[in-house]
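Subject: Handover of a structure and the findings from it

Dear colleague,

Please find below the structure that I am handing over to you. The findings follow it.

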Amino acid sequence: MEATKHPLQRNEQLLDAAVRYADERHWDVCPGTWLEAAEGAERCSCGDAGCASPGAHPAGPDWAGRATGSGTAARRMWSKHPGASILLPTGRSFDAIDVPESAGFLALARMERMDVPLGPVTRTPDRRMFFFVLPGTAADVDDLVRKLGWRAVAIDLVGRGDGHYVTGPPTRVGGRGAVQWARRPTSANRWLPDAKELISPLAYACAREAADARARLS
């Protein structure tokens, strides 16, 4: 049997992390695709040589139905494919606000100075950040941004609720690197903020980033 290139320790961390998210945070988890060694390189288990998110996307259309909040079930699922990515469905225990990384860090620094209550925040190798908020509140994002004078799509700010997912650390996205915590889940951030509590600094930072990008192109 052909050995995978990524070390066993990384696989063990994925299994342990998935179990911990289910047991300690009561988040639903679902195993996604994984990376396989092939001809001296790595490819996504989906078999698509041009996969946009190698080793870090749903393994089938039924992924949401397979998600579990049981640590025991999670351990069983990841034991079958220890290198499987960790998918955290939104719209259940949390929603997420998805923003460009540069805007996310700008907003994060501002919110920390203002002592705004924050939940966990992830950052991906694709330079996106996901701010965890109360479930059901991502549906309000477009209206909240509009009231501030912007369009969410124009400033690249997206609410992720039911039917979407966040890729959980330490999932690795091909050779680009691993998903990481910008703010780790702790006992202090177990209670999540409403999207409206974060939307002003996030929208401002995204609008500033979008304006800077337009200026660079002009």
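Helices (H or I, at least four residues) and strands (E, at least two) are DSSP runs, numbered from the N terminus. This is a predicted model, in which local features need pLDDT of at least 70 and side-chain atom pairs count only at pLDDT 80 or more, while totals for chains, interfaces and linings use all residues. Residues are numbered from 1 along each chain as its sequence is written, and side-chain values use heavy atoms, with hydrogens and water left out.

Ala84 is found in the loop between α3 (71-80) and β4 (86-89). Its relative accessibility is 0%, so Ala84 counts as buried; buried means under 20% relative accessible area, exposed over 50%, and partly exposed in between, with a 1.4 Å probe and protein chains only. Not counting residues up to four places away in sequence, Ala84 touches Leu14, Pro31, Gly32, Thr33, Trp34 and Trp78, where contact means heavy atoms within 4.5 Å. Ala84 and Asp95 are 11 residues apart along the chain, and their C-alpha atoms are separated by 22 Å.

Glu101 lies in helix α4 and, at 8% relative accessibility, counts as buried. With residues up to four places away in sequence again left out, Glu101 touches Arg123, Thr124, Arg127, Arg128 and Met129.

Helix α6

How far apart are the end C-alpha atoms of helix α6? They are 31 Å apart, which agrees with the 33 Å that the 23 residues of this helix (residues 195-217) should span at 1.5 Å a residue. The expected span is 1.5 Å times one less than the number of residues in the helix. There is a kink of about 30° in α6, centred on Pro201; the bend at a residue is the angle between axes fitted to the seven residues ending there and the seven starting there.

The buried residues of α6 are Ala195, Leu198, Ile199, Pro201, Leu202, Ala203, Ala205, Cys206, Ala207 and Ala210. These residues pack against β5 (95-100), α4 (101-113), β7 (128-133) and α5 (141-147). At the start of α6, a side-chain oxygen of Asp194 comes to within 3.0 Å of the backbone nitrogen of Lys196. A polar contact is a pair of N or O atoms within 3.5 Å; within protein, one must be able to donate a hydrogen and the other to accept it, and residues adjacent in sequence count only if both atoms are side-chain atoms.

Aromatic rings

Rings of Phe, Tyr and Trp (its six-membered ring) pair if their centres lie within 6.5 Å; planes under 30 degrees apart count as stacked, over 60 as edge-to-face and the rest as tilted. By this rule the count comes to eight aromatic pairs. The ring centres of Tyr21 and Trp181 are 6.1 Å apart with the planes at 85°, so this pair is edge-to-face. The pair links distant parts of the chain, with Tyr21 in helix α1 (residues 8-25) and Trp181 in strand β10 (residues 180-183), 160 residues apart. Tyr21 counts as buried at 4% relative accessibility, and Trp181 counts as buried at 14%.

Trp27 and Phe132 form a tilted pair, 5.5 Å centre to centre with 50° between the planes. This pair also links distant parts of the chain: Trp27 is in the loop between α1 and β1 (30-31), and Phe132 is in strand β7, 105 residues away. Both Trp27 and Phe132 are buried. Ring pairs link Tyr21, Trp27, Phe94, Phe132 and Trp181 into a cluster.

Arg110 lies over the face of Tyr204, at 5.2 Å from the ring centre. A charge sits over a ring if NZ of Lys or CZ of Arg is within 6 Å of the ring centre and within 35 degrees of the ring normal.

Loops and backbone geometry

Most residues other than glycine have a negative phi, and most peptide bonds are trans. Asp115, in the loop between α4 and β6 (121-123), has a positive phi near 55° and is exposed, with a relative accessible area of 66%. Arg127, in the loop between β6 and β7, has a positive phi of about 65° and counts as exposed at 54% relative accessibility.

A cis peptide bond joins Pro169 and Pro170, with omega about 5°. Pro170 lies in the loop between β9 and β10, and Arg172 is found in the loop between β9 (165-168) and β10. Arg172 counts as buried at 17% relative accessibility, and a polar atom of its side chain lies 3.2 Å from the backbone oxygen of Gly174.

Yours sincerely
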